[in-house]
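Colleague: I am new to this model and would like to go through it with you, one question at a time.

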Amino acid sequence: MSTPQTPMPPAAPNAPYAGYTSPIPVVRTHLGHALASEWTKIKSVRSTMWTLGVFVALVIGIGLLTGTVVAGSTSDGDLGSESALALGFFGLLLGSICIVTLGVLTTAAEYGTGMIRTTMTACPSRGRVLTAKALVFFALAFTITLVSSGLVAVAQVGMLDAREPSGGEWLKATVGVSLYLALLGLLSLLVGSIIRHSAGAITIMIGTMLAPLVIALFMFSSSLEGLRTFLLEYSIPSQLGVFYATSLGDSGPSGWDPLWIMLGITAVAFAGAYVLQERRDV
């Protein structure tokens, strides 16, 4: 014997779904929902743990190893008038490859797996999705870099008998270099959004980082001296070294200039990625 069904109430004349009321509360979505979604995705994929784990291992491991070697090779670890903060450059230079890789994978991997269709179905505002990805990634990359570079800086200063760094040097070697690497990773994320191919975007970014420096090293002709100097001084490794006062030239960027240069390039790339994402299909 079947259970008698309760008759449904009559639908309103203009109701879109006659006789049905969703038990799920309907709310207007905003950027906060997109941020929560992107944070859930980036912390749940294994590539994030692997790339950031290798980054921390490289920055802290090479930083402590460099400090130990320098302390053992100099008399009483005495560096004279040099600052011990400069030794943090080597670990961050290698670790920047991990940040670039993670930035590309944050967007390009979704196009490879088809996950981007689900993302755009849940949040049709493409600009909001790109903005949420950029904010979540920048905050994560900046925090991880700041903690790692800060630990290495404190360890090296305590390990070596060198000149006491000034407040400005501390700020550039921790906050400044962390902002620069986070922007470099964000630029990689935007290139991944434009290229939509993980291997292609990673190749472009690695080439952009290393090719100018390598090409400049093989420019022996005097007629190319101006171009050689420009490539050396404005290459990403040289700009990264400016935060530790170890630039490859005398006329290139100095002080906080590398940060403003990277900020401008990233802003242009963001505008391009935003326009392309609005116009292209997924």
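Modeller: Before we begin, helices (H or I, at least four residues) and strands (E, at least two) are DSSP runs, numbered from the N terminus. This is a predicted model, in which local features need pLDDT of at least 70 and side-chain atom pairs count only at pLDDT 80 or more, while totals for chains, interfaces and linings use all residues. Residues are numbered from 1 along each chain as its sequence is written, and side-chain values use heavy atoms, with hydrogens and water left out.

Colleague: By about how much of the helix are Lys41 and Glu38 separated?

Modeller: The side chains of Lys41 and Glu38 meet in a salt bridge, at 3.1 Å from N to O; a salt bridge is a side-chain nitrogen of Lys or Arg within 4 Å of a carboxyl oxygen of Asp or Glu. Because Lys41 and Glu38 are 3 residues apart in helix H1 (residues 31-44), they are separated by about one helical turn.

Colleague: Which helix holds Glu110, the residue paired with Lys41 in helix H1?

Modeller: The side chains of Glu110 and Lys41 meet in a salt bridge with an N to O distance of 2.9 Å. The pair links distant parts of the chain, 69 residues apart, with Lys41 in helix H1 and Glu110 in helix H3 (residues 89-113).

Colleague: Is Gln277 buried or exposed?

Modeller: Gln277 lies in helix H10 (residues 257-279). Buried means under 20% relative accessible area, exposed over 50%, and partly exposed in between (1.4 Å probe, protein chains only). Since its relative accessibility is 6%, Gln277 counts as buried.

Colleague: With the side chain of which residue does the side chain of Gln277 make a polar contact?

Modeller: Leaving aside residues up to four places away in sequence, Gln277 touches Tyr111, Met120, Arg126, Val129, Leu130 and Ser193, where contact means heavy atoms within 4.5 Å. A polar contact is a pair of N or O atoms within 3.5 Å; within protein, one must be able to donate a hydrogen and the other to accept it, and residues adjacent in sequence count only if both atoms are side-chain atoms. At 3.1 Å, the side chain that makes such a contact with that of Gln277 belongs to Ser193.

Colleague: How does Leu217 count in terms of relative accessibility, and at what percentage?

Modeller: Leu217 lies in helix H7 (residues 198-217). Leu217 counts as partly exposed because its relative accessibility is 47%.
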